[in-house]
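I opened the coordinates and kept notes as I went.

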Amino acid sequence: MNAEGARRLERAVRRLAAQASVSAVVVRRGDDVLLDHRIREADASYHWLERDIGRSGATLSVQHHGALDPGELNDAIAWCDDVLAASADVQELAAARDEAAKQEALLRSVLMTLTDGVLLYDREMQLVECNESAVRMLGVDRGEIGRAGDGPPRAYRPDGTALSREEWPAYRAVWGREWTNGELLQFRRRDGQLRWLLISAAPVSAGAVVSIADLTEFHEARAASEDHLRTWQALVDALHEGVVLFDVQGRVEQLNAAAEEVLGVRQADVRDGPVEPNAPPAVDEQLRPVSELPFQAARRSGRPVTGVVLGIRNRRGGMRWYLNSAVPLPDGRVVASTMDFTSVKSATEEMEQRKDEFISTLSHEMRTPLTSLAGALALLQAGLGEGNPAQTDGLVKICTRSATRLTRLVNDVLDLERITGGGISLKPSVHRVHDLVRHAVEAIAPAARIKGVAVLAGKESDDLVLTDPDRVAQVLGNFLANAVQQSEAGNRVEVTTTRVGNEVRMAVRDEGPGVPPAFRPRLFTRFAQADPSGARGGAGLGLSICKALALALSGEVGFESHPVRGSVFWLTLPAYPT
Amino acid sequence: MIRPLTTVLCVDDDPDILAVVSLALRSLGGLEVHVASEGRTALGVLERAAIDMVLLDVMMPGMDGPETLQAIRANPATSTLPVVFMTARVQLYGQANPPAGVLAVIAKPFDPVSLTSRLQRLWAEFHASPA
């Protein structure tokens with residue numbers, strides 16, 4: 001349409017509108033459809049409004065009110081491309097406009113109260129309207145409404161890849177007339193926050209409507225619970241105890257790694273649903289076959305079952321022992337746990353056996369001096385010593401010796417128990433090692449002299465130790481007493497002191513027959529005696545006491561033995577810095 | 001009529017027990033008592049003296065009780081000699097069922113005053129039903 005045409009059209013419309021009876025005219029001019037109408041204001045003046053309300057091809061419904069003067073209309077038609085309608089009833093039009101405004105207000109209030117975000121874009125991808133929820137979710141500036149925004153916030157798919165501008169659902173709706181139904185996307189808001197949003201978009205005549213649900217909290221809660229679940233799974237998997245969830249039919253629904261072997265089911269086996277357990281037959285502590293397993297008992301009775309001991313022969317033929325418990329759940333499923341305590345059981349049994357042996361040996365050790373003590377007393381009571389002082393004296397000496405032996409045995413047992421049980425209190429002080437050695441040598445000297453054995457303290461040294469002197473004297477005294485006992489008249493026993501690194505070593509060397517090879521490994525164990533009769537005196541507790549003492553003194557004991565050269569028993573203690 | 005027990009060999013490595021037993025058997029029981037402190041010495045005594053019965057300690061250094069018993073049985077001169085064990089290891093050697101070749105087991109401690117009559121009883125039983 002040229003300039004002249006436009007002017008003619010305008011004139012025609014103005015002329016139409018000038019008529020008092022015509023209040024609205026709808027015309028088409030080229031691609032544009034125009035609605036002109038005038039509204040009578042409260043002061044009875046007229047106010048003209050012109051609005052571009054759409055494009056050709058879009059559905060436009062304007063009612064035709066009243067009749068126009070055919071001559072005038074024809075005149076107008078002659079000047080414009082098309083006059084679609086003209087209305088004379090301005091009141092009705094105003095009412096319609098009010099109604100529309102009311103509807104719009106209602107719609108707006110609904111929109112504003114929605115927790116879902118709603119945005120309306122026009123066909124130019126301009127944000128026309130959005131509610132508060134959308135503002136909150138997207139961090140959109142309200143000022144953007146009505147002007148072209150600088151595109152959507154940065155959006156990402158759940159796998160972390162970024163969306164291009166054209167992939168943003170509002171664009172696809174406006175430009176591609178494409179529907180989006182519930183797409184989960186992650187948005188970085190302008191304030192930097194990441195939000196998980198569920199987006200729907202619909203193309204509408206005016207552009208596009210986009211609705212947004214913020215799933216961030218839900219998503220984070222789910223992620224946290226999944227994380228929580230994974231943590232628990234890892235914890236349960238790390239358990240030494242096997243844990244199994246049985247379904248209502250008694251099939252394995254879930255299990256941890258520790259339960260795999262005993263159940264004969266792998267974790268991978270239950271990935272696609274519950275499977276039957278494939279456990280080897282179990283026996284009880286008396287090795288009798290078990291017909292009902294703890295989880296079955298818990299399921300049948302509806303009560304927890306705890307502390308059931310079961311033995312299962314493993315594939316290598318060894319018997320493994322398990323401590324089992326099962327707890328029924330309210331839904332009929334059962335959680336069961338099983339702990340392999342084979343090593344604990346055998347250790348306990350070994351300890352029991354060792355205790356039995358100790359008691360048995362101890363009672364034997366006590367019976368020997370008791371036999372001579374009680375025997376000599378019985379003979380004295382029977383009057384055997386009457387009129388025979390020498391015989392009486394002999395019997396009394398037997399009593400005294402036996403009582404001493406018994407006392408020493410009881411003391412040794414108590415001492416050993418106290419030391420190994422951590423019940424001794426040490427009184428450490430700083431000493432020259434040589435002084436400790438000299439005192440020990442002096443203490444054994446009278447007994448050695450009687451036997452004709454020479455006991456010597458070796459070369460002097462200035463090394464110091466921080467230790468309990470009485471306990472060191474006890475260890476050295478024991479070594480020396482053994483050495484003298486093993487010696488014959490004319491033999492020598494020597495105690496040497498040497499510094500080895502941060503340790504001081506005191507060694508007692510004798511010229512006796514040495515320790516029999518078979519006996520060496522158990523030399524420092526309780527009641528160990530090369531000579532099983534106890535003929536040499538002690539009950540075999542001395543060296544085990546020495547070992548326990550050395551440990552308490554942060555030291556060590558040991559020995560070297562040679563059948564010709566004799567034995568060396570040594571004690572090392574941490575050196576005290578000089 | 002069987003003659004009573006008169007000569008006993010007592011073997012024990014504990015000198016006090018040996019002293020108590022020999023004193024009881026000799027002074028209270030009127031028996032002839034030989035003593036030995038270990039198995040090998042005991043075998044030597046058996047070769048030299050006529051012994052009616054051997055009282056043998058089980059745990060001894062060197063040749064112990066069971067080894068000594070074996071040697072006694074191996075010698076034709078002493079193969080049927082009655083042997084009585086003395087032991088503090090009552091759990092190992094039950095008194096009710098003495099080990100093969102042993103007439104009886106006497107548990108330590110025992111009463112030395114009644115020991116002679118106990119041995120006389122065993123001597124009589126041995127002759128009533130020689131094992």
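**Entry 1: ground rules**

I am working with a predicted model, where local features need pLDDT of at least 70, side-chain atom pairs count only at pLDDT 80 or more, and totals for chains, interfaces and linings use all residues. Residues are numbered from 1 along each chain as its sequence is written, chains are lettered from A and ligands numbered from 1 in the order in which they are written, and side-chain values use heavy atoms, with hydrogens and water left out.

**Entry 2: the interface of chains A and B**

I began with contact, meaning heavy atoms within 4.5 Å. Chain A puts in 25 residues and chain B 23. Next I looked up the buried area, which is the accessible area (1.4 Å probe) that two parts lose on being put together, summed over both. For chain B and chain A it is about 2,000 Å². Carbon and sulfur atoms give 68% of that area.

I then looked for charged pairs across the interface. The rule for a salt bridge is a side-chain nitrogen of Lys or Arg within 4 Å of a carboxyl oxygen of Asp or Glu. Two turn up between chain B and chain A. I also counted polar contacts. Those are pairs of N or O atoms within 3.5 Å; within protein, one must be able to donate a hydrogen and the other to accept it, and residues adjacent in sequence count only if both atoms are side-chain atoms. Three residue pairs between chain B and chain A are in polar contact, both residues at pLDDT 80 or more. The side of chain B that touches chain A divides into 15 nonpolar, two polar and six charged residues.

**Entry 3: salt bridges between the chains**

I noted B:Asp16 with A:Arg401, closest N and O atoms 2.6 Å apart. I also noted A:Arg405 with B:Asp14, at 2.8 Å between the closest N and O atoms. This pair crosses between chains, from the loop between strand 1 (7-11) and helix 1 (15-28) of chain B to helix 10 (residues 389-420) of chain A. Helices (H or I, at least four residues) and strands (E, at least two) are DSSP runs, numbered from the N terminus.

Is B:Asp14 buried or exposed? Buried means under 20% relative accessible area, exposed over 50%, partly exposed in between (1.4 Å probe, protein chains only). B:Asp14 is buried at 7%, while A:Arg405 is partly exposed at 24%.

**Entry 4: salt bridges within a chain**

I get 32 salt bridges over all chains. In chain A, A:Arg195 pairs with A:Asp214, with 2.9 Å between the closest N and O atoms. A:Arg195 sits in strand 9 (residues 194-204) and A:Asp214 in strand 10 (residues 207-214), so the pair ties together parts 19 residues apart in sequence. A:Arg195 is buried at 12%, and A:Asp214 is partly exposed at 23%.

In chain B, B:Asp57 meets B:Lys108 at 3.0 Å, N to O. B:Asp57 is in strand 3 (residues 53-57) and B:Lys108 in the loop between strand 5 and helix 4, so the pair ties together parts 51 residues apart in sequence. Both ends are buried: B:Lys108 at 3% and B:Asp57 at 4%.

I also logged a salt-bridge network in chain A. Its members are A:Arg432, A:Asp435, A:Arg438, A:Glu442, A:Glu460 and A:Asp462.

**Entry 5: aromatic rings**

Rings of Phe, Tyr and Trp (its six-membered ring) pair if their centres lie within 6.5 Å; planes under 30 degrees apart count as stacked, over 60 as edge-to-face and the rest as tilted. I find six such pairs over all chains. A:Phe479 and A:Phe569 make a tilted one, 5.6 Å centre to centre with 45° between the planes. A:Phe479 is in helix 12 (residues 469-486) and A:Phe569 in strand 23 (residues 566-576) of chain A, so the pair ties together parts 90 residues apart in sequence. Both residues are buried.

**Entry 6: backbone**

Most residues other than glycine have a negative phi, and most peptide bonds are trans. I looked for departures.

- The bond from B:Lys108 to B:Pro109 is cis, with omega near 0°. B:Pro109 is in the loop between strand 5 (104-107) and helix 4 (115-128) of chain B.
- A:Met125 has a positive phi of about 65°. It is in the loop between strand 5 (117-122) and strand 6 (127-130) of chain A, and is buried at 10%.
- A:Ser554 has a positive phi near 60°. It lies in the loop between helix 13 (542-552) and strand 22 (556-562) of chain A, and is exposed at 55%.

Methods:
Ala, Val, Leu, Ile, Met, Phe, Trp, Tyr, Cys and Pro count as nonpolar, Asp, Glu, Lys and Arg as charged, and the others, Gly among them, as polar.
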